[in-house]
Amino acid sequence: MEPPDAGIGARGAPRLLWLAFLLTVHPGVQAEVHLSVPSLVEVMQGELVTLDCTVLENLDQYMLEWFLTDRSGTRHRLASAEYRNSKLQGSVDDSESRSPPYQLDSQGRLVLAEANVGDERDYGCVVKAGAAGTAEATASLRVFAKPEPPEVSPNKGTLSVMEELAQEIATCTSRNGNPAPQISWYRDGQHLKVPMEMNQDRYMTSRTVREASGLLSLTSTLYLRLHKKDRNASFHCAAQYNLPSGRHGRLDSPTFHLTLHYPTEHVQFWLGSPSTTEGWVREGDSVHMLCQGDGSPSPEYIFFRLQNGEEQRVGVNLQGNLTLTSVHRNQSGTYACSVEDYDAEDHVQLVKTLQLRVAYLDPLELSVEEQLPVFLNSSLTPIHCSAHGLPKPTLHWTKDSVPLGDGPTLSISDITFDSAGTYLCEASTPTVPLLSRTRSFRLLVQGSPELKPLEMEPKPKDGWTEGDEVRLACSARGYPEPTLTWSQRGGTPPEPSGGPGWVSSVLTLKVSSALGREGVSCEASNVHGKTSHVFHFGTVAPQMAQAGVAVMAVAVSVGLLLLVVAAFYCMRRKGRPGCCRRAEKGAPPPGEPELSHSASERPEHTGLLIGGASGGARSGSGGFGDEC
């Protein structure tokens, strides 16, 4: 590569002659050339770079050259161009030192494709315009590279809080950035101000490495003096990096926790589920005792029972729990938990105790049997319910789920059928939920049945009519259970109905005049007696349609009887059937008055009258034989 003042060879000779001609033509001319070149160009790695060099004056002819200044200060020409006749003719002198190679565009700008960290140099632009003068400007190129996300490697050992010096916490590495990133540390999201100088409390070390690619990697190691409060702390590191135009970026590492060793300072010992607020547990339950110290790693827990001034070991483990399966009342007493931590300070109380109180309730006892028969209208001696348990139970009486009162004694007087039912004695302990027992007996009231008739359905407003359908019902109670019978057939078998002890039967029938006179009776009976009820219907009206049919039947019967009599009479007069016909024709209709006859009819009727009278005188054998 030739410096700008070196010989330019045969190709440069015409240019020098042309410059000399300019100087002779324009003697004493004072000229000055000005350039527009950006002093700083910032790009991201991999981007396209265009370095601009613009001549501000309007020159007819000039020479433009691009030079690269290396780290030793030596300049190497990269490209050149000649401006003449309003055209710029250029060429690249260095086409091998970079890949992709340098390029020169039509406006004389230097182009670098796919910028990389190795392109971070100073690029000089020199313009020579003969007598007009020479101008030079430099553009500095900076290439930025975003680093990879930081990788953190925490200390996986157990770190003791009793150590008086800062211990290594973690190492954080951010690779392949440009310029080199900065690493900072955080605890629970808060920035840790960590100096670079070594001390007993906190500090960090850093190391920067240039990779083969020219990019930079930074490694930082954090040292802290730990305390017990750090046992649940969350740590992480972050890499801050620069971007073009003064912008900044940040990449955070995953969080991590430390495993610490610290002595026990406090011990807790308590009853787990199930237990009450007063420390009672039910007999038969599985009881869990939990013991916990705040030291790390977890110490050994020793459980023992204090009985008669002696310690009886009942369990040893690292989990801090003791389970008593199906606990019994004789396991009540004082239990202790001891934490075996030899790093604990002398004033720390490593033994804790608790009282285990087992609640129990024995089966209840009643002063009567499960079934108690009594007679109606009698009195009953008080009934006692006995309960034994700890804590002392309370007693409560109910009848068919209806509360009666509290206490061990139940008194019942003036016994009626309503007194019958199931009586329940319940014992419970309010301080121990779900600890309860019950005992019951059934009171049976013996006596003659009690009968309760129900209204007739449907009940007409205007009285009963023959053929109406009616539904009758009777209910009865007593002990033994009564039998229900009806005076008419069709009653249903007795079924429970209407309350405890009641049975009922239903009879459905049609109303008749006989039922209206006699009624229907319902009777309830058992071994102690019987009672009955009669349902009365009153006057039962006949059905109108049936009365009309009866009248017509009577009329038809009478008509048929008359026809039979007439036929019989005519049969006796056989031989003179015409007589019967004349008699039928001559006889006036029943109920009509006899009419007077005309003169022409009078002789005939006269003859008949005469013949009838004289016939009695003439005939000795015929009598009424000739009469019609």
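Select V556: this residue is exposed at 52% relative accessible area, where exposed means over 50%, buried under 20% and partly exposed in between, using a 1.4 Å probe and protein chains only. V556 sits in helix α3, residues 544-572; helices here are DSSP runs of H or I with at least four residues, strands are E runs of at least two, and both are numbered from the N terminus.

Before moving on, note that this is a predicted model, where local features need pLDDT of at least 70, side-chain atom pairs need 80 or more, and totals for chains, interfaces and linings use all residues. Residues are numbered from 1 along each chain as its sequence is written, and side-chain values use heavy atoms, leaving out hydrogens and water.

Areas are Shrake-Rupley values with a 1.4 Å probe.

Next, zoom out. The protein chain has five helices and 46 strands, and 36% of its 628 residues count as buried. The chain exposes about 37600 Å², with carbon and sulfur atoms supplying 52% of that.

Head inside with V33, L35, L51, Y123 and V127. These have the most contacts within the largest nonpolar core, which has 30 residues; a core is a set of buried Ala, Val, Leu, Ile, Met, Phe, Trp, Tyr and Cys residues joined through side-chain atoms within 4.5 Å. Which strand gives the most to this core? Colour β11 (134-144): it contributes five residues. Then pick L35, whose contacts (heavy atoms within 4.5 Å) include C53, C125, V127 and A137, leaving aside neighbours within four places in sequence.

A second, separate core has 25 residues, among them L361, W397, C425 and L435.

For a sheet, show β30, β32 and β36: in that order they form an open, antiparallel three-stranded sheet. β30 (365-366) and β36 (409-412) are the edges. Find L366 opposite C385 of β32.

Last stop: S419, in the loop between β36 and β37 (421-428). Buried or exposed? S419 counts as buried, at 10% relative accessibility. Beyond four places in sequence, S419 touches K399, D414, L443 and V445.

Definitions and conventions:
Pairing = 2+ DSSP bridges.
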